[in-house]
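Student: Hi! Could we go through this structure together?
Tutor: Happy to, let's bring it up.

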Amino acid sequence: MRMINRVEEAFRNLDEHSPETLKKTLIELGVTLDELAPYLQDPEGKPYYRQMIYEDDHVEMIVMNWADIECAPHDHGHSTGWIQVMNGTTKQTVYQAHGEALPSPLFTEFKGNGSLFFAPKKGIHKMGREGTTPLVTLHVYSPPIRGMRVYDLETCAACVVSSDCGAWWPEEQRQRLKEIKLQK
């Protein structure tokens with residue numbers, strides 16, 4: 001069965017969308033890097049290129065292939081999810097939120113090929129490719145990400161971005177749903 005058909009069938013038939021169920025489903029799908037290859041494109045100056053593989057009212061699955069630029073610190077709105085490293089190694093920095101103040105880094109970790117890690121609701125992190133091996137990650141979130149906040153630590157600001165924007169400060173005004181001045 002083709003990957004897209006397996007994904008559609010697996011997520012369409014879920015009765016609930018808990019983090020445990022999402023993780024189990026992602027593992028059972030057994031998506032391979034070769035199956036993701038048709039979805040990968042040049043990030044064109046952005047930290048990554050992202051391609052939606054599946055989305056319904058309850059869940060979304062996105063593949064990302066990374067440039068050598070880190071994304072900005074960001075959360076995933078009200079969504080929780082899982083990130084699977086399909087190729088390469090990612091460097092992830094996790095931040096602590098401080099209300100309407102600048103988030104502060106807690107720790108940095110490296111996740112290699114095959115790793116699976118949790119993205120908690122309102123958790124703030126940034127990711128990037130470590131080394132020269134191409135980095136490809138597969139992401140599953142529930143509900144689909146809306147209200148993602150991207151942080152600009154240099155200007156002490158945050159921006160709620162539209163669902164078609166990635167984890168970077170949006171260049172297009174229409175992608176800036178709300179700008180927030182943070183306290184230091």
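Student: Which residue in S5 does Val94 stand opposite?
Tutor: Val94 stands opposite Phe107 in S5. This is a predicted model, where local features need pLDDT of at least 70, side-chain atom pairs count only at pLDDT 80 or more, and totals for chains, interfaces and linings use all residues. Residues are numbered from 1 along each chain as its sequence is written, and side-chain values use heavy atoms, with hydrogens and water left out.

Student: In which sense do S4 and S5 pair, and over how many bridges?
Tutor: Strand S4, residues 90–98, pairs with strand S5, residues 101–111, in the antiparallel sense over eight bridges. Two strands pair here if DSSP finds at least two bridges between them. Strands (E, at least two residues) and helices (H or I, at least four) are DSSP runs, numbered from the N terminus.

Student: And what's in the turn there?
Tutor: S4 and S5 form a hairpin with two residues between them. Gly99 in that turn has a positive phi of about 60°.

Student: Which residue in S7 is the bridge partner of Gln92?
Tutor: Met127 is the partner of Gln92. S4 pairs with S7, residues 124–129, in the antiparallel sense over six bridges.

Student: Switching to S9 and S10: how many bridges join them?
Tutor: Four bridges join S9 (residues 149–152) to S10 (residues 157–161), and the two strands run antiparallel. Tyr151 in this pair stands opposite Ala158 in S10. Their hairpin has four residues between the strands, and Cys156 takes a positive phi near 60°.

Student: Zooming out, how many helices and strands does the chain have?
Tutor: Three helices and eleven strands. Along the sequence the pattern is α-α-α-β-β-β-β-β-β-β-β-β-β-β. The chain is as compact as a globular protein of its length, because its radius of gyration is 16 Å, close to the 16 Å that the globule rule gives for 184 residues. That radius is taken over C-alpha atoms, and the rule is 2.2 Å times the number of residues to the power 0.38.

Student: What about its span along the principal axes?
Tutor: The C-alpha trace spans about 50 × 40 × 30 Å.

Student: Last one: how much of the chain counts as buried?
Tutor: 49% of the 184 residues count as buried, meaning under 20% relative accessible area with a 1.4 Å probe and protein chains only.

Methods: Buried means under 20% relative accessible area, exposed over 50%, partly exposed in between (1.4 Å probe, protein chains only).
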